[in-house]
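Trainee: I would like to learn how to read the features of a structure, one at a time. Could you give me the general idea of each and then the case at hand?

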Amino acid sequence: MKLQCNSQSRIIPLKQLGDERGLLTVLEENITIPFEIKRVYYIYGTEEGVSRGMHAHYKTRQVLIAVSGSCTILLDDLSRKTEVILDDPNKALLLEPNDWHEMYNFSPDCVLLVLASHFYDSEDYIRDYDSFVSIYREGLGL
Ligand code: TYD
């Protein structure tokens, strides 16, 4: 199966399978998900008004799916800032390491599933925006 990923939007449409019993969506590494999946976590029970994320990475690629409810993701790759609303369990968002990202507008029922290409490593985080700019600006030739 060919990977469907629009590099502009980073949205990966997922195929919804289903029958009279209900719905089912499949995620497979290196097929629907464009990397080997080393780690899975999910964010839920987020209080109203909370913003999470606010970092980029050195190595980690991630795919985000709101399997329930909705939230908004702000992506900033230094060439542009994009807001993506995740509100569909068949819509996945690919985050590259150089995507500064913030997550907010979580609905009370939001369960945000995250698939990651690397194990958790606090050293892989860039939490300071100015550092993010200087680390990635040169690579983009800005
Ligand atoms: P953090 O990455 O700060 O959350 P977010 O960026 O989504 O707001 O993670 C919150 C806490 O959970 C922090 O103490 C680190 C820990 N954590 C792990 O131990 N392993 C993980 O895979 C993740 C994502 C977080």
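Trainee: Is L24 buried, partly exposed or exposed, and why?

Mentor: Buried means under 20% relative accessible area, exposed means over 50%, and partly exposed lies in between, with a 1.4 Å probe and protein chains only. L24 has 46% relative accessibility and therefore counts as partly exposed; L24 is found in strand β3, residues 22–25, where a strand is a DSSP run of E with at least two residues, numbered from the N terminus. This is a predicted model, in which local features need pLDDT of at least 70 and side-chain atom pairs count only at pLDDT 80 or more, while totals for chains, interfaces and linings use all residues. Residues are numbered from 1 along each chain as its sequence is written, and side-chain values use heavy atoms, with hydrogens and water left out.

Trainee: Which residues form a nonpolar patch on the surface with L24?

Mentor: Such a patch is made of residues with over 30% relative accessible area and no salt bridge, nonpolar side chains being joined within 5 Å. Here L17, L24 and V26 form one, with about 230 Å² of accessible area together, an area that comes from the Shrake-Rupley method with a 1.4 Å probe.

Trainee: How many salt bridges does the structure hold?

Mentor: Side chains of opposite charge can pair when their charged atoms come close. A salt bridge is counted when a side-chain nitrogen of Lys or Arg is within 4 Å of a carboxyl oxygen of Asp or Glu, and the structure holds 5 of them. One of these joins D77 and R10, whose closest N and O atoms are 3.9 Å apart. D77 lies in the loop between β7 (71–76) and β8 (81–86) and R10 in the segment before β1 (11–13), so the pair ties together parts that are 67 residues apart in sequence.

Trainee: Which side chain meets R10 in a salt bridge of 2.4 Å, N to O?

Mentor: That partner is D99, which lies in the loop between β9 (91–95) and β10 (100–104), so this pair ties together parts 89 residues apart in sequence. D99 counts as buried because its relative accessibility is 1%, and R10, at 15%, counts as buried too.

Technical notes
Patch = residues over 30% accessible without salt bridge, like charges linked within 9 Å, V, L, I, M, F, W, Y side chains within 5 Å. Helix = DSSP H or I, 4+ residues; strand = E, 2+ residues; numbered from the N terminus.
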